[in-house]
Each structure stands twice: as structure tokens, then as C-alpha cells.
Number of protein chains: 2
Amino acid sequence: MSSVPASRGDHTRDAIIRAATDVFGRVGYDAASTRAISQAAGTNQALISYHFGGKEGLYQAVIDGIAAEMEDSLVPVLDEIQTAMPMRGRSAVEAMLSLFSALMGQFNRVEASGWSRIIAREQQDPTAAFEIIYNRYMSRVLDTLSALIAGASGDALAEQAARTRAILMMGQILVFIFSREAARRFLGWTNLEDGIPEDVFRELKSMVYAQFPEPRP
Amino acid sequence: MSSVPASRGDHTRDAIIRAATDVFGRVGYDAASTRAISQAAGTNQALISYHFGGKEGLYQAVIDGIAAEMEDSLVPVLDEIQTAMPMRGRSAVEAMLSLFSALMGQFNRVEASGWSRIIAREQQDPTAAFEIIYNRYMSRVLDTLSALIAGASGDALAEQAARTRAILMMGQILVFIFSREAARRFLGWTNLEDGIPEDVFRELKSMVYAQFPEPRP
DNA sequence: CGAATTTGATTAAACGATTGATTAACTTGG
DNA sequence: CCAAGTTAATCAATCGTTTAATCAAATTCG
């Protein structure tokens, strides 16, 4: 990332951000004390104010890091789809499924870190940090998805309708982040650490295919 | 609700619960101070400990009230579907849509109160309170929904597959609760207070119909 | 080149403010 | 009159932040 070799301060900065991501994710912003964060980072408490200006500044830095990393990991997939646009029919559906697959894979990694809870919280309480995540990530995914939906429908869908369906389909994936505990119980998952079981993607695939039936040749 | 006329204590009890539901929903459990809650309720701070044993007991009471009210409002719909079971084909799809309609209507009311944020938070941090909501509400909805999906598919779906699809379809509705801010922006909603616009339900309906195509007679 | 100095980073300690909870005195209604 | 309900005051604990002193590593300079 950084061109210059990490100095002493940069090292502790990273350590604090890493620890803060974990603590914020586990207990939330308010319950996360600067003492607990600095202890988890193995640094002094005062360094939070020194490096980030305060607890709020540290939180912003955490959000910034999450958005940047999620963006980086998804940009290749989005770009690949974008260059192949406009797509129609079957190819649009296939692109849609590859996007879903990438999202699920990413969400598994997101789950492994403490990110999912932070993101979910931001959805409920859109602080200034939400702006970053939405502008740099969500809006791009939704834009691409709605374009694919329109293409897969043979452009027979009004723009607002396509966007609405993009949200609806996105919900099918997001549910495993925002409602993971209910999903875990209802589907009888025991070891969620391994990520979303692949039979979920199999069902999702079937549903998508049913949604955009292949035109008879 | 209560058979006996409300005594003096019951009145303030209700006032505290009402205020606590609002404050917990707006700022979360940790940031909600007992002073802020009691002030919003127009009562003395010590009455929280007196009536509920403490902040945690008050939170449990809030969750209990939410679960009870949500249960009450949905039981009629679920019962109606249950008595008509087993359903197949078209009738199962129609029942599914009526369930979705009821859920969306309920979520609009949930949104109007401070409930949605409390529920969403519980999904992320499943405290003991989640147990109540899941057992008394979510599991019932998901059971009914998966039965309808199996029926609409002509019972050609394995049980686990039907349950998986129930979660996926539930996500299409829950997304407007858990990810409402992103949905609001992407769809350009300005006045979310009026509830989810009905064109969302129209698209959802189309997607459900496409999902379970009517067999040719 | 090596000593002196400046700068950034880190530390322990303390700050005032706010937290949830408790106490003891006081009202009120049955 | 008494038990249930309510009140203001206070408790110790914890919160985020600030302070002054110390450390380490560049930087400057003789």
C-alpha cells in the first residue's frame, strides 16, 4: 500500500485500526471503550487521540479502511462486467450470477472480519461513515446489478423497476449478513465460520434462472 | 391487554416502556442512558430499577412488548394460511403474496415505531432477547413460508431447499428494514415515513409469479 | 564523523463528566 | 394507617480526553 517503509507511528496506527475494527464490530461503537481498543492493540490509550484525534476519528479511519478494501476486492469483477456491457439475455444472467458469487465470497471474508456488524450498524444509524461505504461500494454494485437485470429482461423493464428489482435481489444476499443469526438457526447451520454453505448459492442460482427464463430458440 | 384497570404503578411502567422503546431504537442500548429514558418518560430515574430491576430488565421488557405485539398482528394471517394448508400451485403462490403483503404492512408500522433498529441490532448481537423474537415470530413466518414454497413448487423441492429459498425470499422483504438507508437512496425515496412504496410490492409480485410459473392447463 | 538538538512517538497519571444503581426520606391511594 | 410508589441526593465505576514527562530516532551542526 504505502510506498515508504512503515515508520514507527504507522505501525501502531495500523495496530490500533486492526484492534478497533475487531472491538467496534463485536460490541458496537458506544460499548467499545478506548481503553479496551488500546489494550487489544497493545498500545497506550492516549495514542488514539494522538493519531486519530479521538474515538470518532478512529471510527472514521476504520470505516475508511473497510470501504477501501471492499472496493479493491470487487472492482475487478465490476470492471469485467462493465466492459462486456451491454449484455442481454443469457449472458446478462450469467454475469449476474458471477456477481452474486463474488459478493457471497466477499461476504464470507467480511464475516470473518468484524466488518459485517459495523456495516449493518451503519445501515441502521447512517452516520457520516455510511456515506463512504455507499458511495464507494453499494451504489456501484446496485448500478451494475440493475443494468444486468434490465439486460436480462430484454430491456423490457422500466429503469425504476429494474432498480427496485436490484434492491430485492440484493436482499437475497444481504439477508445472510443482516439476518445471519435467524438464517443460521432456521437452516441448522452449526459452523458458520466456514462461510455460507454452497447449497445456498445453488438454490439462488435456480431462482435466478427461473426469474429470467431462457427464451425458446 | 391487562384485565385489571391500570393502577398507578402500571401507568408509569407503560410510560417507561414506551419511552425506552423509542430511545433504545434511536441510539441503541449502550448509548441509551437511564436518565434520558426516564426523562423522556417524564418519570424519576430510580423507577427503572424499581419496576424492572435495572436497565437490562427494562430492555427485556421492551423486547417482550415488541415480540408480543408483532405476534398478535401476524397470528391471524398465519392462522388463515395454516388452516388452508396444504396448498399447491397457484393457491400457494397467492397465499405467499398475501403473507408478503402482510409482512410489508407490518414492517411499515415497525418502521414507524423504533422497533426496526432494535430488531436489527438483535440480529447482529443475539442477546437473550433475540430468543424471544425468533421463537415467537421469525421461526413461525419462516416455517409457513417454506411450506408455501414447497407447495408452490409442486412438492418437487427437498425440505432443506425449500427452507433455504424461504430465507432467500425473506431477504427480499427484510432488505427494506435492514438496509433501508441504501434502498432509500438508490430508489430515490424522499418520504420514507409513508412506508414502502407500493410499486415495490408490484415488482416483488412479478418476481414471485415468475418464480412459480403457472402450469399450462 | 560524532555530539547536540529537534522532532515525533509513547507513557503513566490525572482530569472532569457521565454512567447505572442505591439509599433514605417523602407522597399517595386503598 | 400502611404498603406501594415516587422523589432527590449520592454512590462507586467507567467514560473519553488531556497533561507533562520520557523515549527514540532523525536532523543539524561544529
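At what angle do the axes of helix H10 (residues 198-211) of chain A and H8(B) cross? The legends below treat a predicted model, in which local features need pLDDT of at least 70, side-chain atom pairs count only at pLDDT 80 or more, and totals for chains, interfaces and linings use all residues. Residues are numbered from 1 along each chain as its sequence is written, and chains are lettered from A and ligands numbered from 1 in the order in which they are written.

**View 1. Helix H10(A) against helix H8(B).** The two axes cross at roughly 70° and come within 10 Å. Axes are lines fitted to C-alpha atoms, for helices over the stretch in contact, and angles run from 0 to 180 degrees between N-to-C directions. H10(A) and H8(B) are therefore roughly perpendicular (65 to 115 degrees; under 35 is roughly parallel, over 145 roughly antiparallel, the rest oblique). H10(A) contributes Asp199(A), Val200(A), Glu203(A), Leu204(A) and Met207(A) to the contact. H8(B) contributes Ala161(B), Thr164(B), Arg165(B) and Leu168(B). Residues are in contact if their C-beta atoms, placed from the backbone, lie within 7 Å. By class, this contact has five nonpolar, one polar and three charged residues. Nonpolar means Ala, Val, Leu, Ile, Met, Phe, Trp, Tyr, Cys and Pro; charged means Asp, Glu, Lys and Arg; the others, Gly among them, are polar.

**View 2. The side of chain B that touches chain A.** Here 40 residues of chain B contact 40 residues of chain A. Helices H6 (115-124), H7 (128-152), H8 (159-178), H9 (180-186) and H10 (198-211) of chain B each supply at least two residues of this side. H8(B) gives the largest share, 12 residues. Helices are DSSP runs (H or I, at least four residues), numbered from the N terminus. The residues of this side divide into 22 nonpolar, nine polar and nine charged.

**View 3. Met87(A) and its surroundings.** Met87(A) lies in the loop between helix H4 (55-84) and helix H5 (89-112) of chain A. Not counting residues up to four places away in sequence, Met87(A) touches Ala92(A), Ala95(A), Leu148(A) and Gly151(A). Leu148(A) is 61 residues apart from Met87(A) along the chain, with 7.0 Å between their C-alpha atoms. Met87(A) is partly exposed because 18 other C-beta atoms lie within 10 Å (20 or more is buried, 12 or fewer exposed, in between partly exposed).

Conventions: Two residues are in contact if their C-beta atoms, placed from the backbone, lie within 7 Å.
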